[in-house]
Amino acid sequence: MAKIQTKLTELLGITSPVVVPAMAFGSGGKLAAEVSRAGGFGFMGLAFETPDQVKQELATARSILDVPADSTLPIGVGYIGWILDESEPKAKELISIAFEHRVRAIWLSHGDNLGKWVGYYRELVEKTGHHPLLAVQVSFPETAQVAIDDWKADIIVAQGIEAGGHGAAEGFPLLTLLPLILSKAGPNGPPIIAAGGIATGSQVAALLTLGASGAALGTRFLLSPESLYSDKQRQVILDAESPQSVRTLAFDEARGYHNWPKYVDGRAIRNATYDDFQKGDDINVIRQKYAAASETEDLDRVVVWAGAGVSAMNKVLPAKDIVQELHEECLSHLRGVNGLVKS
Ligand SMILES: Cc1cc2nc3c(=O)[nH]c(=O)nc-3n(C[C@H](O)[C@H](O)[C@H](O)COP(=O)(O)O)c2cc1C
């Protein structure tokens with residue numbers, strides 16, 4: 001596989017700018033490791049896992065990547081700010097585990113107190129001598145500025161409004177957001193990873209020519225058997241068209257998760273829970289129906305988080321093949337661009 005050289009691939013020492021983002025309930029140790037093994041870079045997402053479960057995921061990743069215990073584990077671990085805020089002792093334990101397991105990067109997002117957790121991360125860097133890179137996912141140029149100037153983030157993930165899962169309810173389309181963040185970062189700033197609605201290598205190439213150093217594809221990698229999605233959830237994504245991917249609070253309300261920062265909602269495939277919520281049905285009834293549907297994984301009611309790129313996703317492939325396909329398509333489009341310039 002020919003290398004694609006960007007600030008991100010240089011920083012991480014990888015061949016491909018293809019990244020699987022942190023996805024709670026979507027990317028575990030297996031998916032993250034397979035993407036890193038294939039030449040890209042994988043983040044696993046954490047939500048409500050116990051410390052033992054996290055250690056297990058990290059052990060799985062280490063065994064897939066076949067790296068000795070005292071060497072850096074070339075994957076990242078993603079933490080959601082508001083969940084960290086729920087219990088300081090547990091949050092500290094979970095972040096410490098990533099250091100003990102010598103992960104290559106830490107990813108923070110979706111919290112009103114991310115600065116506090118950046119502070120704890122810095123304490124651990126000081127205490128342990130291990131220095132995972134700090135990636136921060138943002139939806140606004142102003143937050144990118146804070147992450148670059150105040151938190152000294154090593155990597156910024158620019159999340160457009162097309163992104164599956166949680167993000168800004170009233171944010172920016174990726175093609176608008178990325179140049180705004182690039183101008184905040186400046187030529188000597190950290191690498192920027194673009195995220196949101198990306199499905200193909202041609203889109204990755206377009207984003208690289210715009211100035212991104214990498215592309216994070218969440219929903220596309222959910223369509224690999226290594227993701228934490230079930231076959232039924234994958235089928236919903238395969239069957240869905242992009243207009244069915246909607247931003248909503250319906251699923252968080254139905255599940256009773258209220259602590260997302262005020263500006264956040266989530267993007268998922270619309271179903272009966274969404275329709276009832278839009279109609280203004282009694283939330284208690286919606287919750288009861290949701291709880292019952294969860295028992296049988298009835299996806300006419302249960303959430304399938306997915307981004308706006310679903311129309312361009314039509315097959316399940318092993319994660320390593322997705323990396324390879326995206327990389328080759330990207331290369332071919334980058335090479336094709338040369339033909340546009342006539343001197
Ligand atoms: C199932 C799922 C879970 C997600 N969980 C997280 C998470 O834990 N932390 C986070 O920062 N972003 C999370 N996201 C958002 C992703 O990091 C990323 O921005 C998004 O997947 C990119 O859009 P795409 O899915 O259209 O490729 C999640 C997305 C999905 C689809």
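Modeller: This is a predicted model. Its 343 residues would have a radius of gyration near 20 Å as a compact globule, and the chain has 19 Å, which agrees.

Biologist: What spans does the C-alpha trace have along its principal axes?

Modeller: The C-alpha trace spans about 60 × 55 × 40 Å. The chain holds 15 helices and 11 strands.

Biologist: What share of the residues is called buried, and what makes a residue count as such?

Modeller: A residue is buried if its relative accessible area is under 20%. Of the 343 residues, 54% are buried.

Biologist: Why is the largest set of 93 residues called a nonpolar core?

Modeller: The name applies because its members are buried residues of nonpolar kinds such as Leu, Ile and Phe, joined through side-chain atoms within 4.5 Å. Those with the most contacts inside this core are Leu58, Tyr79, Ile95, Ile156 and Phe221. Helix 6 (residues 114-128) gives the most to the core, with seven residues.

Biologist: How do you know where this core lies relative to domain 1 and domain 2?

Modeller: Domain 1 (7-228 + 311-334) and domain 2 (232-295) both give residues to this core, so the core lies between them.

Biologist: Which residues does tyrosine 79 contact, leaving aside its neighbours within four places in sequence?

Modeller: Contact requires heavy atoms within 4.5 Å. Tyrosine 79 is in contact with Leu46, Leu84, Leu94, Ile95, Ala98, Ile106, Trp107, Leu108 and Ser109.

Biologist: Which residues belong to the second, separate core?

Modeller: That core has 16 residues, including Ala22, Leu133, Ile155 and Ile193.

Methods:
Residues numbered from 1 in each chain as written. Predicted model: local features only at pLDDT ≥ 70, side-chain atom pairs only at ≥ 80, totals over all residues. Heavy atoms only, no water. Buried < 20%, exposed > 50% of the residue type's maximum accessible area, 1.4 Å probe, protein only. Helix = DSSP H or I, 4+ residues; strand = E, 2+ residues; numbered from the N terminus. Domains from an automatic or database assignment. Rg over C-alpha atoms; globule rule 2.2 N^0.38 Å.
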